[in-house]
Amino acid sequence: MPQLTDLLFYGFAALTLLFGFLCVANPLSRNPVTSAMFLVLTIISMAGLFILLHAFFLAAVQVLVYAGAVMVLFLFVIMLLDLKEEERRKLRKFTVGLGAVAVAAIAGILIKATLSAVPLAAGKVVEGNTKPLGVALFTQYLLPFEILSILLLVAMVGVILLSKKELK
Amino acid sequence: MSAMIQAGLQHYLIVSVLLFSLGLFGVLARRNLIVIYMGLELMLNAANLALVAFSHFNANLNGQVMVFFIITVAAAEVAVGLALIVALYRKRSTAHVEDLTSLKY
């Protein structure tokens with residue numbers, strides 16, 4: 001008899017894959033805004049999968065950072081560009097077909113490798129892991145954490161420099 | 001039979017593989033830089049899902065720390081990449097890879 005968590009897993013997995021498909025290859029609309037909206041839905045469904053994996057903090061970060069900050073950035077940039085252009089262009093059937101074949105081959109290899117692996121013995125589950133995660137971040141991983149803050153600063157300065165009208 | 005239905009590590013990994021393939025397909029098939037970027041984000045998210053699944057089923061938090069770092073780096077990368085796209089659009093007024101084939105302008 002399937003448990004509730006398993007049913008939720010199948011639901012969220014199906015939603016993630018469906019929205020992901022609609023994000024990259026929506027048959028009805030090629031508008032980038034539609035793709036961005038479906039990317040938001042994909043990311044929120046993935047946050048559901050994270051919660052099923054007891055990664056509550058990462059689920060919250062996923063929604064805040066991806067669905068919040070990153071997608072706002074995407075939408076801002078889409079508004080700056082020409083939207084009609086994308087809908088006028090035809091996708092090349094040949095390119096799409098070859099891409100699908102290549103991707104299906106890679107997916108087939110990876111799935112076969114996954115299925116042929118020996119399953120893990122059921123280990124103990126990490127429960128309520130926000131506190132241990134914070135402890136690990138600020139003790140064992142303190143140096144990468146601080147380097148990350150420098151990386152964000154560098155990215156911020158770089159973006160400001162890149163989006164100035166003319167460089168002196 | 002119940003082991004097949006019960007969502008284990010392999011189930012999560014297969015979802016991750018399929019999501020990665022979708023992202024890769026978006027990168028290969030679409031011609032708009034923004035949508036290609038969204039495909040890249042899908043691939044990063046698929047890797048995150050695999051890492052969180054490994055972390056959960058091995059009862060090891062290091063995978064989640066890695067995912068935290070990946071999310072942060074991805075945010076920085078998106079900001080820089082989109083700024084590059086905007087700068088490119090200012091110069092060439094297109095965001096299509098087919099119009100951007102010359103090395104020197």
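Guide: Before we start, helices (H or I, at least four residues) and strands (E, at least two) are DSSP runs, numbered from the N terminus. This is a predicted model, where local features need pLDDT of at least 70, side-chain atom pairs count only at pLDDT 80 or more, and totals for chains, interfaces and linings use all residues. Residues are numbered from 1 along each chain as its sequence is written, and chains are lettered from A in the order in which they are written.

Visitor: Thanks! How many helices and strands are in chain B?

Guide: Chain B has four helices and zero strands, so its order from the N terminus is α-α-α-α.

Visitor: Is chain B spread out or compact?

Guide: Chain B is more spread out than a compact globule, because its radius of gyration is 18 Å, well over the 13 Å that the globule rule gives for 105 residues. That radius is taken over C-alpha atoms, and the rule is 2.2 Å times the number of residues to the power 0.38. The C-alpha trace of chain B spans about 60 × 30 × 15 Å along its principal axes.
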